[in-house]
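Hi there,

Here is the structure I promised to pass on to you. Have a look at it first, and then read my notes below.

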Amino acid sequence: MSTHTDGEHRTPRIGQPPETRRELYVKILWIAMWLAFLGGPAADLLQGNHTRVGTVFGWAGLVVFALTYVGLVVRQTGRPLARHVVHGSLAALPVFAVVLSVTMGEEWLVLFVYVSVACGAVLPLRWTRPAILATTGALIVVGLTIDRSPEYWLLVPTLLGGFSMIGVRELVRTSRELREARARVAQLAANEERLRLARDLHDLLGHSLSLITLKSELAGRMLPDHPGKAADQVADIEKVSRQALVDVREAVTGYRRPRLGAELAGAQAALAAAGIGAEIPPQVPELPETQEAALAWTLREAVTNVVRHSGARRCLVSLVRRETLAGPVVELTVEDDGAGPTGAPPGNGLAGLAERVAAVGGTLDTGPAPGRGFLLVARVPAGSVGSAA
């Protein structure tokens, strides 16, 4: 988003976008799911199977191992850590797994699952698969050293955890790159719009300002000897300047008029940035400019309310053309699964939308959605313009 400070326009720099709530939830869920495997070592310690020194050693090793694993996986899949920290942490995990398994017993072989997951989350792809297979091999060797019948069922989560983590990491990376691409596209589109507006203003004002300059010089030369003719030139200058002002206002008004296609793209980006799942129509029915502007403003306000106030997880936007007894209409529906209406009177935003839609002969209905959430339906006459583009 561009900002203005002391009249200066500044273009934002595109860097690594912040992590979305969806990505954070995926990582937390993934880590919490695998942390459930630590129940075996914890239960082994709580059952009193070891001496007091062994129990203290076990708890200390388990806590340090878990913190190292969580910190490594969470930070490396978000904002990468320094290389020496990554290498040191990743080297420490298998050492902890081997030492604790050998000294504490076969219940601790589960730590190799976390070593495999950490390899899938941290290592470059060319090293990830060999590292996961090596971790699985180490699990077998250490297990046979402890017991001739080790926990062979751990082979499945060890392989599954490591290779699945590769997919999770690629999903997060792809999502981040997609948001970066969207930000760059939005910036390029804004720059192109500024350039086009500058070109149009140059075309509109170039001739008018040149004519005003010439007539001003001519009026200045005529003023001493021919004040009447100079007054005619000043009157012409006034006409030209007024027309130039009208042209500029029309140009700026045209650029400020919202378009449904652009608002749908903006709604998709806003909902995604807020971690809200969105269903957006791929096509936009054709409408006269005034009706399209009314629906575009309605969509913008509705999506803003969903992002700011609803607490929703999903938002459904539909845009369809219907035939009614009064003639064809285009119907915009915005439905979320959030908290729903509060019972308070409608705010200024919805009241303003109702007036805007009514001004083009349409209607605006709001209320609770079926089941849970908030539902907004706006209908405007389709006019004489054809159906979907």
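Let's begin with F57, which you will find in helix 3 (residues 52-76). Please keep in mind that this is a predicted model. Together with V95 and V99, F57 forms a nonpolar patch on the surface. The accessible area of these three residues together is about 250 Å².

Next, turn to helix 6, which spans residues 125-146 and has 22 residues. From its first C-alpha to its last, helix 6 reaches 32 Å, close to the 32 Å expected at 1.5 Å a residue. Which residues of helix 6 are buried? They are T128, A131, I132, T135, T136, L139, V142 and G143. These residues cover an arc of only 140° around the axis, so they lie on the same side of helix 6. R126, W127, L133, V141 and T145 are exposed on the other side of helix 6.

Finally, some strands. Strand 7 (residues 374-381) pairs with strand 5 (residues 327-336) in the antiparallel sense, over seven bridges. In this pairing, V334 stands opposite L376 of strand 7. Strand 7 also runs antiparallel to strand 6 (residues 363-368), and six bridges join the two. Here L375 in strand 7 is the bridge partner of G367. The hairpin of strand 6 and strand 7 has five residues between the strands, and G371 in this hairpin takes a positive phi near 90°.

Enjoy exploring!

Best wishes

How values were computed. Residues are numbered from 1 along each chain as its sequence is written. This is a predicted model: local features need pLDDT of at least 70, side-chain atom pairs count only at pLDDT 80 or more; totals for chains, interfaces and linings use all residues. Side-chain values use heavy atoms; hydrogens and water are left out. Patches are made of residues with over 30% relative accessible area and no salt bridge: like charges are joined within 9 Å, nonpolar side chains (Val, Leu, Ile, Met, Phe, Trp, Tyr) within 5 Å. Accessible areas come from the Shrake-Rupley method with a 1.4 Å probe; for residues, only the protein chains shown count as cover. A salt bridge is a side-chain nitrogen of Lys or Arg within 4 Å of a carboxyl oxygen of Asp or Glu. Helices (H or I, at least four residues) and strands (E, at least two) are DSSP runs, numbered from the N terminus. The expected span of a helix is 1.5 Å times one less than its number of residues. Buried means under 20% relative accessible area, exposed over 50%, partly exposed in between (1.4 Å probe, protein chains only). The arc is that of the directions from the helix axis to the C-beta atoms. Two strands pair if DSSP finds at least two bridges between them.
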